[in-house]
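Biologist: Could you take one part of this model and walk me through it closely, with the cut-offs spelled out as you go? I'd rather have one connected picture than a tour of everything.

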Amino acid sequence: MPTSLRELQSSAQSLEDNIVSFLDELVSIKSVNGENNEEDIAIRIAEEAHKLNLQSQVEASNKNRPNVLISHGEGPFEFLFVAHMDTVAAGTEKAWSSPPFKPTKRDSRIYGRGTADNKAGAACALYTISMMKDLGLIDNQNIKITLAAVADEESGATSNIGVRYLLDNNLLQAKGAIYTYASDVVCIGHRGLLRLEIATTGKSVHTGGQEWNDGIEGTNAVTGLAAILLKLEATAIDAPPHPAFGNLRNVVTPGTIFKGGEFESVVPANAAAIVDIRLLPGQDPNIVLEQINLLVDHEMKIRPGLKVELKVKNSLPAVALEDDHPLVSIAVDVAQRATDRKWEAVGAGPANEGYMLINSGIPTLCGFGPTGGNAHAANEWIEIDSLANTVAMYAAIAESYLIDCKKLEAAKQ
């Protein structure tokens, strides 16, 4: 029989001060993607694991951007927690009520960059493994509980040095997993992402010259690109509805980044923009690309001299577990009993690395964790009271799910 949730909550509550202290340290270690590497935070996580008598191993294709695996047990039935160590930038510090990399407590919350996304989840998962070890919930011969603290998720969830590297080297082989994002739902999947860079090339000429005045010379790369972006904004891309995503739909957002032109009095010969497209399960990104290429080809025909280059920057599929999958059912039940409220099992709008795990045969909750908010925004926060309860929920879900996995395996024999 699984350990009672009340017992797990009581044990987890005694760890709250340690979890908060550890989280404070993680937030204080800057690990902004594109500015800092993950080495320092990986070292700190490994140090905490050593203090808690947990196994740790560093795995990296780039020694300055390592992944660290924390585990207890050696058994074939493994449950995995995944947390990425990198964060997005803080943005304008004036928008913050307190310094973004100095964790600040107020209103029963901890504020700081990376609290909700994804350092609180990492702290909770680490202390979940420690608590399960100390309570004797891990049968070393049959069970293994692992935290994979990974690098480079925030570059677009398509990195080859984090989760992808660990999967390709057979270092993640769990029966089930939780990506430990702050959440108030049981996230069973996420939309896909197709992110494009569109670059246009025209021909520069003096804006005050006779050639431009008479339309003899010059091609405006900026207006050519703008025309493409406006047409993309007005283009409907068919997407089959999916019950896990409710009113979340296929969305095309042209020009999330835009640059172009060389000088005030010169017809711009170069421009570039990023186009962000969110996909639903069942959408083929190649078909979407074909539709966009047709639009681009048409614009080049009506604008002689305009050249357009389209590059795929990121491409990842939408994924979703069935809402009656055992991992989903167990998580919903545990969460409702732990918080006395109903939890929905739904898909997320933003994409993450959950698709890598699911498509590798590891059923994964793509987001489940403590209560938090303002991820990728100013005043990111995590609710202190939710940390210990998350540890209890993580332990209850992992234990119950692995019991089910062992029963299913025994029935097959």
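Modeller: Let's start just after α4, where Gly136 takes a positive phi of about 75 degrees. Keep in mind that this is a predicted model, so local features need pLDDT of at least 70 and side-chain atom pairs count only at pLDDT 80 or more, while totals for chains, interfaces and linings use all residues. Residues are numbered from 1 along each chain as its sequence is written, and side-chain values use heavy atoms, with hydrogens and water left out. Helix and strand labels are DSSP runs numbered from the N terminus (helices are H or I with at least four residues, strands are E with at least two).

Now α4 itself. This helix is mostly covered, with 18 of its 20 residues buried; buried means under 20% relative accessible area, exposed over 50%, and partly exposed in between, using a 1.4 Å probe and protein chains only.

Next, the packing of α4 on α11. Two packed helices are described by the angle between their axes and the distance between the axes. Here the axes come within 9 Å and cross at roughly 55 degrees. That makes α4 oblique to α11, given that angles under 35 degrees count as roughly parallel, over 145 as roughly antiparallel, 65 to 115 as roughly perpendicular and the rest as oblique. The axes are lines fitted to C-alpha atoms, for helices over the stretch in contact, and the angles run from 0 to 180 degrees between N-to-C directions. On the α4 side the contact (heavy atoms within 4.5 Å) includes Ala120, Cys124, Tyr127 and Met131, and on the α11 side Leu387, Val391, Ala395 and Glu399 are among the partners. Sorted by class, this contact has 12 nonpolar, 3 polar and 1 charged residues. For that count, Ala, Val, Leu, Ile, Met, Phe, Trp, Tyr, Cys and Pro are nonpolar, Asp, Glu, Lys and Arg are charged, and the others, Gly among them, are polar.

α11 also packs on α9: those axes come within 9 Å and cross at roughly 145 degrees. The α9 residues making that contact include Leu327, Ile330 and Val334, with Met393, Ile397 and Tyr401 among those from α11. By class, the α9 and α11 contact has 11 nonpolar, 3 polar and 1 charged residues.

These helices come together again at α1, residues 5–13, whose buried residues are Leu5, Leu8, Ser11 and Ala12. Seen down the α1 axis, they fall within an arc of 125 degrees, so they line one face of the helix; the arc is that of the directions from the helix axis to the C-beta atoms. Arg6 and Ser10 are exposed on the other side. The cover over the buried residues of α1 includes α2 (16–28), α4 (115–134), α9 (326–339) and α11 (385–412).

Phe79 lies in β3, residues 77–84, and is buried at 0% relative accessible area. Leaving out residues up to four places away in sequence, Phe79 touches Leu327, Ile397, Ala398 and Tyr401, among others.
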